[in-house]
Amino acid sequence: MSFSVEERKSLAAEWCLRAKGKMDYVIVHVGCLSLKDSMELAQHAVKVGADGIAVVSPSFFKPKTADALRLYLQKVASAAPTLPFYYYHIPTVTGVNCESFSFGPLLHGYWPDTSKCPPDCRDVDMLASDVCKGIKKLIPSFSGVKFTGTDLMDFGLCVKYSQAEQLLLYGIDEQLLTSLVLGANGAVGSLYNYLGRHYNKLLVAFAEGDLDSARACQFNVQDFLAFASQYGFDVALNKQLMSNLSGLNLGPPRLPVIPCPPATVATIAEKCRQIFLQN
Ligand SMILES: CC(=O)N[C@@H]([C@@H](O)[C@H](O)[C@H](O)CO)[C@@H](O)CC(=O)C(=O)O
């Protein structure tokens, strides 16, 4: 999102090129503040051979209702109708709220029908299950959701009303196990960039019904994040950890995101090695 449209195009082209024969999917994120930019990126994703596109809600002029967001998503999808389309739900980042809710914010999550709400309720995430309701009629290429949220009832409803073959990708890495129980069939997140082997153990243990081992894997991640959070775990620190742990120089974050002091990164990387090399 911090990249220009041109930078995003060249990154998408490079990923699609290099992933050939190595990766099952490259899903290009094309969400922007401008609908036109998103449509341009969607068309470009087709040209470079992406396997799908994903879109977050615009976060400056925000949609006020799930209907409005669906209409926006429909327009973006129409620019690349042959590509599988994914809605990327990440309310803590987009700040997209339900502005109307019949029983007020305290009951958020327990009453997903936002159509019945008064117009004075602004602090409630717009539910992904509302956005996805009936979306296939508007977007025939709709193929699933990337759900980065802690509202597991909302996630559960996305799973319940999804169709066969759709992807339900969970995005809170420290709670992956919980989402698997509810029916997640994939995950996208930042920690997988350096904890892939560890998470594969969790997935295998879960698939084999070995919940003790799966829980142990998840708890290790939670321990690690609790440690890193003391230093302010954020996107900058995460990128620096990726560089430190992989040995690849991934470059600095872009302003206004400020990097973490290198000594702190080294401390956290060391903790990561301690926890995950021993387990
Ligand atoms: C809010 C946020 O950044 N969430 C991350 C998580 O991977 C997150 O970093 C992790 O669960 C630690 O809290 C991802 O879901 C989002 C993400 O990696 C992305 O869109 O690039």
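Let me begin with a definition: two residues are in contact if their C-beta atoms, placed from the backbone, lie within 7 Å. What we have here is a predicted model, in which local features need pLDDT of at least 70 and side-chain atom pairs count only at pLDDT 80 or more, while totals for chains, interfaces and linings use all residues. Residues are numbered from 1 along each chain as its sequence is written.

I start with the domains. The domain assignment of the protein chain, where the bounds come from an automatic or database assignment, gives domain 1 as residues 1-189 and domain 2 as residues 194-279. Their centres, taken over C-alpha atoms, are 25 Å apart, and six residues of domain 1 are in contact with nine residues of domain 2. On the side of domain 1 that touches domain 2, three residues are nonpolar, one is polar and two are charged, where Ala, Val, Leu, Ile, Met, Phe, Trp, Tyr, Cys and Pro count as nonpolar, Asp, Glu, Lys and Arg as charged, and the others, Gly among them, as polar.

Next comes helix 9, residues 192-207; helices here are DSSP runs of H or I with at least four residues, strands are runs of E with at least two, and both are numbered from the N terminus. A straight helix of 16 residues would span 22 Å, the expected span being 1.5 Å times one less than the number of residues, whereas helix 9 spans only 18 Å between its end C-alpha atoms. Helix 9 also has a kink of about 45°, centred on H198, the bend at a residue being the angle between axes fitted to the seven residues ending there and the seven starting there. H198 is buried in helix 9, as are L195 and L202; a residue is buried if 20 or more other C-beta atoms, placed from the backbone, lie within 10 Å of its own, exposed if 12 or fewer, and partly exposed in between. The cover over these buried residues includes helix 8 (176-182), helix 10 (211-229) and helix 12 (262-278). After helix 9 comes G209, with a positive phi near 75°.

Turning to the ligand, which residues surround it? The shell consists of T92, V93, T148, G171, I172, D173, E174, G189, S190, L191, L225 and N238, a residue being near a molecule if its C-beta atom, placed from the backbone, lies within 6 Å of it. By class, four of the shell residues are nonpolar, six are polar and two are charged.

Two buried positions deserve a look. Y86, in strand 3 (residues 85-89), counts as buried because it has 24 C-beta neighbours inside 10 Å. Beyond its neighbours within four places in sequence, Y86 is in contact with residues including I27, G52, S143 and L167. A77, in helix 3 (residues 66-78), counts as buried because 26 C-beta neighbours lie inside 10 Å. With neighbours within four places again left aside, A77 is in contact with F85, I139 and S141.

Finally, the backbone: most residues other than glycine have a negative phi, and most peptide bonds are trans. The peptide bond from L255 to P256 is cis, with omega near 15°, and P256 sits in the loop between helix 11 (235-246) and helix 12.
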